[in-house]
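Let's take a walk through a protein together.

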Amino acid sequence: MGLFAALMTGPGAGAIATILLVGESAHSVLSEISQASGNRPFAFETGRILLGHIVDGGDTVDQVTIGCEGPGTFAIHCHGNPLIVERIMKLLQGRGVELLAAEGLLARTFAGERPDDSIVVEAKLAMTKVKTLEGARMIAAQMEGGLSQKVRQWSLEIDSVPPDEIARQARQILRDSEIARPIVSGCTLALIGPPNTGKSTLLNALAGCEKAIVTDIEGTTRDWVACEILMGPLAATVIDTAGLDANVVAAGSDEIDPAAQARSIEVLHRADLVLLVLDLSRPEVHIDAKLLETLAGKCVLTVLNKSDLPPRLDPAAMPAGLGEPVRISAKQATGIDDLIAAIGCTLGIADLDPHTPIAFTPRQRALLERLASADAPSDPAAIIATLHHGPIRH
Ligand SMILES: Nc1nc2c(ncn2[C@@H]2O[C@H](COP(=O)(O)OP(=O)(O)O)[C@@H](O)[C@H]2O)c(=O)[nH]1
Ligand SMILES: [Mg+2]
């Protein structure tokens, strides 16, 4: 194994920065560039935290603490000025240490611990980026159970399971991975509907703060506003679109703002779920026919807002075929939990068992697609072996 270092804390200034140094000869490099406080030599024993200085010849670079995390693993905690970090990294580089990004170092460390199981290494890396606690539970479950277990089982049974059965199971895993995506890596929700139905108020209620402008003036939301929100088990980028109704007018003119509408349609196409927000307190529903056409192929949940006002919406005016609506008052923040539960049901994540095998990296997806693509994939044993032990990308 070589000698590697990476900045583990975020880029930019901070009170403290942490540089991880890993490799068999890490302690001898550290001895060359550090001095213990109190003129005693450092004893790099695992479990110790040492106080001292990083030195460059006769120059003191910074006062640091060094955590001895393992025989060849040291965490150097220095002051968080990027200039200090850069100088320490250069000192290390000058002594033959290869500098890596944090993720690259973790990948090498994890791969050293589990060289036989690429899925476990990928799961450990994914844990550092997963968007929700439920997602973390699901990724953790993939290490011993889930995808890891499925691949081990395929390897053992490769001679007795027909290839078309493996293809069928791979297709199921890819479908479940899509369902799990909102809790593992997040999804996109678009708020659409006629002007003044309360889309911006709803975004603010979900975000818990004022992200979008709310007014009585139609067409106030001129362009889309996006906000990343943790909603129960799912992480969502919620996008408040400019009204897509033909009544939307550009401020200060009588013209429909076609550019804003075009951008909203684009947002709508990219969304995993569309929340169609309607005003329960008004009898009519103004939805453009073109918009309804666009919605036909999408996953849509209808939200009837302003439930605090007397209901006047004529059920006959509601667009047909859009499923059971959810009633809320965005202004009074009532019905929001029901809405989040309904979103979870619509996306299918409500009943998802964390142990369900899922693909959570592009490498896994690509290999599963190869297994799933044909009724009888060619050389499934080789694909399964690559899934199990193949090199990972990071
Ligand atoms: N009574 C009541 N008024 C609401 C509710 N939600 C929004 N409004 C009001 O409806 C108007 C339009 O809201 P806004 O969020 O800007 O609508 P948008 O055009 O769809 O973004 C504002 O005056 C809001 O205060 C609600 O749940 N109840
Ligand atoms: Mg608005």
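Is Phe74 buried or exposed? Phe74 has 0% relative accessibility, so it counts as buried. Here, buried means under 20% relative accessible area, exposed means over 50%, and partly exposed is in between (1.4 Å probe, protein chains only).

Before we go on, a word on ground rules. This is a predicted model, where local features need pLDDT of at least 70 and side-chain atom pairs count only at pLDDT 80 or more, while totals for chains, interfaces and linings use all residues. Residues are numbered from 1 along each chain as its sequence is written, chains are lettered from A and ligands numbered from 1 in the order in which they are written, and side-chain values use heavy atoms, leaving out hydrogens and water.

Back to the rings. Searching the whole structure turns up two aromatic pairs. Rings of Phe, Tyr and Trp (its six-membered ring) pair if their centres lie within 6.5 Å; planes under 30 degrees apart are stacked, over 60 edge-to-face, and the rest tilted. Phe42 and Phe44 have ring centres 5.5 Å apart and planes at 45 degrees, so this pair is tilted. For Phe44 and Phe74, the centres are 5.4 Å apart and the planes at 75 degrees, so that pair is edge-to-face. Phe44 lies in the loop between strand S3 (34-36) and strand S4 (49-56), and Phe74 in strand S6 (residues 73-79), so the pair ties together parts that are 30 residues apart in sequence.

Next, a helix. Helices (H or I, at least four residues) and strands (E, at least two) are DSSP runs, numbered from the N terminus. Helix H3 (residues 102-113) has twelve residues. Its buried residues are Gly104, Leu105, Ala107 and Phe110, and they pack against strands S1 (4-7), S2 (16-22) and S7 (98-100) plus helix H4 (118-127). Contact means heavy atoms within 4.5 Å.

Now for a hairpin. Strands S9 (residues 225-231) and S10 (residues 234-240) run antiparallel, joined by seven bridges; two strands pair if DSSP finds at least two bridges between them. Ala226 stands opposite Ile239 in S10. Two residues sit between the strands, and Gly232 takes a positive phi near 55 degrees.

Finally, step back. The protein has 13 helices and 13 strands, and 47% of its 394 residues are buried.

Terms used. Expected span 1.5 Å × (residues − 1).
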